[in-house]
Each structure stands twice: as C-alpha cells, then as structure tokens.
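My entries follow in the order I made them.

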Amino acid sequence: MSETEYYRSQSYQEYLLSSHRREVCPPEDVYAFFNWKGLNNIVDFGSGLGFYFNEFRKWFPHVWIWAAECQQEIIDMILRRKLMEGIEQLTPFHMDQSDHPLLPEWVPVPEIIFASLSLSTFPNPGLAMDGLIRSMKSGGRLFIIDWSKTESGFGPKINEKISMDKMKFLAEEYKLEVTKSGRISEHFYGMEVKASSSFIYGYYDLKEEEDEDTAVFKQ
C-alpha cells in the first residue's frame, strides 16, 4: 500500500471512529456550519465505518442515508453494524474507484452529498467534485469536510492534505460555485459547493476531452 492510500489501512479507519476525532472536529460544529434545508436523501461519500451515521439519525430522523464506499470489506462491516444496531434507514453501496465518481442510477438522486475527509484522497479533487455534482439534480449541494494543511500529529501527512484555498480553486476550475467556506475547527475546514450558472449538466466523454487537451498542446 502506498503512502497516498493511507485511508485503506484498518488503523486509519478505526481512528475515524475514535473519540479523538470527535474532540478535534465536533459533529455539532459540522451541523452548525452547513445548511441542511430540504434534505430527504443524503449520500455519505467515502463513509468509512460510519462516524456520522448516528449523527445523521439524530439530526434528521426521517432522512435515508446512502453510504458510498469503494472497499468491500468496509461495506461488509457497515452491514454488520446496520444489523447489530438496527439502523433501518441506511443503505451501503459499492462505488468503483474512479477519478470521476458518478453515483449508480438506482440510488435516489440526493439533495446533498456529504464528503468528509474523502476528496483529498483523489488525484484531482476538482474532477471528483464534478462527478458528484453531476450525480445530483440542479441545485444539489456538495458538503465537504477536509483536513487543513497543517501539521497536527495525527491523520495523514501534511503533503497528503489539500488546503482550503486549493480545494476552492479546484472547484472553480470545474465551473462549480463555492457558496460557503471556512474553518470548522483548528485542523478541519468545511465547504459548500454547487453548480455555477456556467456549469453544463449531463455526462461527457472524459477520454474525448483528454484527446482534445492533448491536441491543443501539440499545436
């Protein structure tokens, strides 16, 4: 496993459920930071073992949680937890590991996709945001929580973190609008993202786009 795949380690996944994480990024502060209005279905993108499952159930008793994961062993653990804790309104599902993630068509179109500590694991978080925004109807919102680019003594190494300014720049590169951004706590920031007025919905051929870019460089 390479250093950039730290998120695959069992010890990291266990840390994400720890009381320390709750101390350094209190869920109550996350709740207060974002605008959750109009929520019926939420996708917890890169949910891990489900740090926010109980918080979602407490905040939104009638909302259905769709937990997206690329690691089958984590999905199996979520299913065990669902049964043991009697979490009814929860469906974990597998997403292929892709630089441009798109939700499966059978998942109800969510009003909000919640991406906590997951976008910084992508080679190009802007491209990942593009795919997630395309997976929602017009007006759908992407809520991002990620590591501030600081030395903390826990979590990933500083070179594996993406600063808030760069995350905002990458979003705008893909014609997305950042409607809110700021520190949630000392080591974490939050960001609300939606499609801008110049964003064009619909799927497109990434290979074709790459070929066009290559042709420009050859001129």
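Over the face of which ring does Arg21 lie, and at what distance from the ring centre? I find Arg21 over the face of Phe51, 4.2 Å from the ring centre. I counted a charge as over a ring if NZ of Lys or CZ of Arg is within 6 Å of the ring centre and within 35 degrees of the ring normal. I also noted Lys180, whose charged end sits over the ring of Phe33 at 4.3 Å from its centre.

Ground rules: this is a predicted model, in which local features need pLDDT of at least 70 and side-chain atom pairs count only at pLDDT 80 or more, while totals for chains, interfaces and linings use all residues. Residues are numbered from 1 along each chain as its sequence is written, and side-chain values use heavy atoms, with hydrogens and water left out.

**Aromatic rings**

I searched the whole structure and got 23 aromatic pairs. Rings of Phe, Tyr and Trp (its six-membered ring) pair if their centres lie within 6.5 Å; planes under 30 degrees apart are stacked, over 60 edge-to-face, and the rest tilted. Tyr31 and Phe60 make a tilted pair, 6.1 Å centre to centre with 45° between the planes. Tyr31 is in helix α3 and Phe60 in the loop between α4 and β2, so this pair ties together parts 29 residues apart in sequence. Helices (H or I, at least four residues) and strands (E, at least two) are DSSP runs, numbered from the N terminus.

I then checked accessibility: buried is under 20% relative accessible area, exposed over 50%, partly exposed in between (1.4 Å probe, protein chains only). Tyr31 is partly exposed at 37%, and Phe60 is buried at 11%.

Next I looked at Phe93 and Trp106, an edge-to-face pair with 5.8 Å between centres and 75° between planes. Phe93 is buried at 3%, whereas Trp106 is exposed at 54%.

One aromatic cluster includes Tyr31, Phe33, Phe51 and Phe60.

**Helix α6**

Why is helix α6 largely enclosed by the rest of the structure? I find that 10 of its 10 residues (125-134) are buried, so the rest of the structure largely encloses α6. At its start, a side-chain oxygen of Asn124 comes to within 2.9 Å of the backbone nitrogen of Gly126.

Pro125 lies in α6 and has a relative accessible area of 2%. Leaving out residues up to four places away in sequence, Pro125 touches Leu119, Ile162, Met167 and Leu170 (contact is heavy atoms within 4.5 Å).

Note on methods
Polar contact = N/O pair within 3.5 Å; in protein donor to acceptor, adjacent residues only side chain to side chain.
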